[in-house]
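Let me put the model up and then walk you through it.

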Amino acid sequence: MKRIFWILSLFLLVNGCNEDLGNYDYDYDKAPELRIDTIGVDKTDIWGTWNIGDTVHINLNVTYEGREDRLVYRWFIIDYPYRTVTEGNAQVWPPADTIARTRSLDYIVDIAAGRWVYVYLMAKDTVNGAAAFYGFGYKAIPEAGTINGIYCLQEKEGRVDIDIIGSVRALVIGGDHHEVDYYSSLHPGDPLTGTPRVFEYSTTGRYFYIFTDDVGLRVSPTGMTVMERWEEMFYSAPVYKPQAVVGLNNCDFLINDGKLHVHYIQPTGERKFSVPIPGNYNLAPFLARQTIASWGVVPDAISAYQVVYDKAASAFRPFFNRGVSLGHFSETVNDAVFDVNNMEGEVIYANTVNAGETMIVSRHDDGYHMHVANFYNAIDDGNLARYTRSLAGCVGIENATCFASGLAGPALFYGSGANVYSYSYTTGQTTSHLLWEGDPGEEVTALCLLGTGGFPTSGRILWIAVWNEAQREGRLVEFEINPVSGVAEAMYAPMFSGIPDNPVYHEGMGKVLLMTQRY
């Protein structure tokens, strides 16, 4: 349904930009087929990163059963996400930006730094109006002085530092590079200290949050410039106990000492978090990563700006735009599979997964369980619970030190000892799958799963940080996985990157404790 919407929107967007050559009688049953594909095409510039000043070469296959001399071509870009804008009293779709009118694209990238765009080719018969489109995901245009990659916050040789890992398999990141000791090389006189606690790149504010035991920083990706320290992020700074931070719905949300703070991002506003949202609550370090639908919106859906978990009430609670308190979900109906307002057990992990569902892993007297709820694009009818699963067959989950999951699918990944296991709540499996088995003396210290940007490997690349204490050496293991089943699956990465190996290894790391991604 989404694809049909996009095709219709694109046709309306560009159809009025071509000259009408007259009125004709058509036999639509005999209309010639027009199609665009990438079979056998060099896909380097299709899926790779576009930097300002790069020259990209793309030559797609255009097949037409009619007269090719009547075809006109248009390469164009539109903003991601593509949304209506207000003109007077009306909501209108903004026009596309044309970057070429040739069959092949030879383009010197001249797109504003920091802009995210979709790229499309349209081919159209100027006589009978037949048209075809081909789009290839979105491009995030890097700003000068910034680096895309997996940012690894690590303990290394008695200090704390950041390494950046590129990946040609994670096509949206691009580049096979390893920036060693990146932070300390830019701040030789002001190194990071203290055990890493929170590390997150905010896609709303487009900056990093680095929280260790000793220091709290908001850092620009341009040269890792320190923008504000902890005290400068507030009008009146609270006691320093950061637990989690997430950028969502044009806000940055921070949980500190069990309380929620909100920074409403405005181009001309101050970069200040609010005072704690009032109330008698104590939050777990969980913040939702998707709450409001931008297409296929269900009428009367919840549309909370954020969803949190209140340990004091054992309940999930919504927070709405400009709210002065946390809200409550409707009383749970009797036949619900579990009660989101009265969760049993101790929640040890929660995340937004599988296109908007919320996965919860909890410890009970009889072992570990997984619960799945849905607060995204759903009506609060008292039945927000979806599934409950026993994790009795998940090897080593009682000793899990790190977890990863994502919006691309229902699979959970967890590190336990030297191994990484996976479990999916939609496959019917009752036991975990052994994804990675480390060497003797190794331990898994962190996991990171690629976000849903960057088709076709979006949500499919998993990074495993491994540390050997005896040898004082670390490495990063890079897998292509299936985000639905949770198994290793080298499908798209070899096809588009030319690297057949699964996994790929990145040596020379410290003890990586936290990872975040920027692209």
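Predicted model: local features only at pLDDT ≥ 70, side-chain atom pairs only at ≥ 80, totals over all residues.

Before I point at anything: by buried I mean under 20% relative accessible area, by exposed over 50%, and partly exposed is in between, with a 1.4 Å probe and protein chains only. Residues are numbered from 1 along each chain as its sequence is written, and side-chain values use heavy atoms, with hydrogens and water left out.

Arg-206 isn't a glycine, yet it has a positive phi of about 60°. You'll find Arg-206 in the loop between β14 (196-202) and β15 (207-212); strands here are DSSP runs of E, at least two residues, and helices are runs of H or I, at least four, numbered from the N terminus. Its relative accessibility is 30%, so Arg-206 counts as partly exposed. Asn-250 lies in the loop between β18 (242-248) and β19 (251-256), and at 46% relative accessibility it counts as partly exposed.

Next, rings. Phe, Tyr and Trp rings (six-membered ring for Trp) pair if their centres lie within 6.5 Å; planes under 30 degrees apart are stacked, over 60 edge-to-face, and the rest tilted. The whole structure has 28 aromatic pairs. One of them is Tyr-207 with Tyr-209, edge-to-face at 5.7 Å centre to centre and 85° between the planes. Both Tyr-207 and Tyr-209 are buried.

Asp-125 sits in strand β9 (residues 116-125). Leaving out residues up to four places away in sequence, Asp-125 touches Tyr-64, Arg-70, Leu-71 and Ala-130, where contact means heavy atoms within 4.5 Å.

Zooming out, the protein has four helices and 35 strands. Buried residues make up 52% of the 519. Of the contacts with a separation of 6 or more, 58% join residues 24 or more positions apart. And the C-alpha trace spans about 75 × 55 × 50 Å along its principal axes.
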